[in-house]
Amino acid sequence: MTSKQKPNRRRDAGTLQRLSCLAESDGVLGNIYQATSTFPKHEALALTSQLRRAAVSIPSNIAEGQSRFSQREFAHFLANARGSLGEIETQLLIARDLKYLRPEAALELLKSADELSRILTGLRDSIRRQVES
């Protein structure tokens with residue numbers, strides 16, 4: 001940065017938010033893979049696969065959106081990531097009801113998903129405000 005350039009605190013804060021979002025989504029992804037490793041084998045092509053694909057979709061959408069050329073597109077991909085998170089929340093409840101997950105384990109995974117949901121929503125809202133201004 002030259003002496004004439006001023007730091008862009010707004011951009012820097014956005015970068016930290018994005019890194020936090022990716023880190024949290026990676027944590028959810030790892031936790032889903034670990035939890036589904038104990039599911040019955042007959043679920044490998046069903047609930048296990050659905051949960052894992054939805055979990056992979058979250059950081060993938062964040063990364064794809066961030067690589068796009070407009071903030072509006074990025075906000076769209078964050079919304080897609082949030083949709084995948086909704087799938088995960090529903091499927092975790094199904095796994096709990098089918099007794100593939102202990103209630104305590106399901107609750108921990110749902111808490112992690114809820115935290116990621118807050119981060120995704122905050123980042124998306126922040127980007128929308130930038131687009132509108």
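Start by selecting D114: at 34% relative accessibility, this residue counts as partly exposed. Keep in mind as you click around that this is a predicted model.

The side chains of D114 and R118 meet in a salt bridge, 2.5 Å from N to O. Both residues sit in helix α4, four residues apart, which is about one turn of the helix.

**Along to R124 and D125**

Next, pick R124 and D125. Their salt bridge has its closest N and O atoms 3.2 Å apart. Colour the two by accessibility: R124 comes out at 17%, so it counts as buried, the cut-off being under 20%. D125, at 27%, is partly exposed. While you're on charged pairs, select E64, R68 and E73 too: salt bridges with shared partners join these three into one network.

**Over to R102**

Which residue does R102 pair with? Select E104 and you'll see the partner: the closest N and O atoms of this salt bridge are 3.4 Å apart. R102 itself is exposed, with a relative accessible area of 55%. In total, the structure holds nine salt bridges.

**The aromatic stop**

Switch to the rings. There is one aromatic pair in the structure.

**Down helix α2**

How far apart are its end C-alpha atoms? They lie 30 Å apart, and that agrees with the 30 Å that 21 residues should span at 1.5 Å a residue. Then highlight the buried residues of this helix: L47, T48, L51, A54, A55, I58, P59, N61, I62 and G65.

**Zoom out**

Finish with the whole chain in cartoon view. You'll count four helices and zero strands, running α-α-α-α from the N terminus on. Colour by burial and 36% of the 133 residues show up as buried. Among contacts with a separation of 6 or more, 72% are between residues 24 or more positions apart.

Technical notes
Residues are numbered from 1 along each chain as its sequence is written. This is a predicted model: local features need pLDDT of at least 70, side-chain atom pairs count only at pLDDT 80 or more; totals for chains, interfaces and linings use all residues. Side-chain values use heavy atoms; hydrogens and water are left out. Helices (H or I, at least four residues) and strands (E, at least two) are DSSP runs, numbered from the N terminus. Buried means under 20% relative accessible area, exposed over 50%, partly exposed in between (1.4 Å probe, protein chains only). Contact means heavy atoms within 4.5 Å. Rings of Phe, Tyr and Trp (its six-membered ring) pair if their centres lie within 6.5 Å; planes under 30 degrees apart count as stacked, over 60 as edge-to-face and the rest as tilted. The expected span of a helix is 1.5 Å times one less than its number of residues. A salt bridge is a side-chain nitrogen of Lys or Arg within 4 Å of a carboxyl oxygen of Asp or Glu.
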